[in-house]
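Have a look at the model first.

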Amino acid sequence: MKIVILAAGIGSRLGNPFPKPLTPLKSGKTILEQQIENLSSYFNFDNINVVVGFKKDLIMESLPDATFIYNQFFDQTNTSKSLLKALRKYHTESLLWLNGDVVFDKKIMELLIPYINKNESFVSVNNSEVGDEEVKYTLDTKGFIKEISKTVKNGLGEAVGINFISSKDVNFFIKRLDECANNDYFEKGIEMAIQLDGIKVQAVDISKYMCVEVDFAEDLEKANKFLK
């Protein structure tokens, strides 16, 4: 299994003059450093890849021993294409990926590792919140994800930005991400692979643990309260 952190975007909503993953936290680490520390508690550091784009040199200089993948079209594309760059590199392996702005309790991994070990594709979700602007999901009659996007009606919860694609599903996912428009989020590729290829994607509820996508100042405050 490989791990990918999507850190190529401009992330302008937070108002930083630097990439959002380099946002300092109360822990004394940046968001990206905190992510890598958490992941390295359970997985091999050498399997972690960071997709960079906007001001890539700042990120690379902050983590000189990490492995990087460059999305040279970061200013023209969204997460679907950043993820596609990584998946094409590791197209025979399962892949755990997360957005580069997610601050999370590392114990979340203890919920996710059983699915990884069984090679079952999943999306981590928070069922205690369903924000209008967040990526939401619904389930089919067998309990697998049916729809996943920001426009889903009557969503059961929010996707939190930590996901896994199994080795048996990865090439379907690559095909659908390739078909996505440049401005699509990777969730569009998941939904297409579900609907067109019949892949089965679990919704794993991590609501009991802290997990925040830092888009705005209030999100950063929430994350820092936990870390403090």
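Let's begin with Asn119, which is found in the loop between helix H4 (108–117) and strand S6 (122–126); helices (H or I, at least four residues) and strands (E, at least two) are DSSP runs, numbered from the N terminus. Phi of Asn119 is near 60 degrees, a positive value in a residue other than glycine. Asn119 is partly exposed, at 22% relative accessible area; buried means under 20%, exposed over 50% and partly exposed in between, with a 1.4 Å probe and protein chains only.

Keep in mind that this is a predicted model, in which local features need pLDDT of at least 70 and side-chain atom pairs count only at pLDDT 80 or more, while totals for chains, interfaces and linings use all residues. Residues are numbered from 1 along each chain as its sequence is written, and side-chain values use heavy atoms, with hydrogens and water left out.

Lys55 also has a positive phi, about 45 degrees, although it is not a glycine. You'll find Lys55 in the loop between strand S2 (48–52) and helix H2 (56–62), and with 40% relative accessibility it counts as partly exposed.

Which residues of helix H7 (residues 217–227) are buried? They are Asp219, Leu220, Ala223 and Asn224. Looking down the axis of H7, these buried residues fall within an arc of 130 degrees, so they line one face of the helix; the arc is that of the directions from the helix axis to the C-beta atoms. Strand S5 (102–104) and strand S11 (211–213) are among what covers the buried residues of H7.

Pro24 sits in the loop between strand S1 (2–7) and helix H1 (31–40), and is exposed at 53% relative accessible area. Leaving aside neighbours within four places in sequence, Pro24 is in contact (heavy atoms within 4.5 Å) with Phe18, Lys29, Thr30 and Leu220. Pro24 and Leu220 are 196 residues apart along the chain, and their C-alpha atoms are separated by 9.4 Å.

## Pockets and a cavity

On a 1 Å grid over the protein atoms alone, a cavity is a set of points where a 1.4 Å probe fits but cannot get out, while a pocket is an open set with protein on both sides within 12 Å along at least five of seven lines; lining residues have an atom within 4 Å of a point. Grid points are joined across faces, edges and corners, and a volume is the space filled by probe spheres set on the points.

The largest pocket has a volume of about 1000 Å³. Its lining counts 41 residues, and Arg13, Lys20, Asp101, Glu213 and Asp215 lie nearest the centre. S9 (158–165) gives the most to this lining, with four residues. The second largest pocket holds about 170 Å³ of space, and its lining includes Phe73, Lys81 and Arg88.

A search of the whole structure turns up one cavity of 30 Å³ or more. Trp97, Ser121, Phe122, Val123, Phe164, Ile165, Ile190 and Val201 line the largest cavity, with S6 and S9 each supplying at least two residues.

## Cysteines

How many disulfides are there? The count comes to zero, a disulfide being a pair of cysteine sulfur atoms within 2.5 Å. Cys180 is buried at 6% relative accessible area, and Cys211 is buried at 12%.
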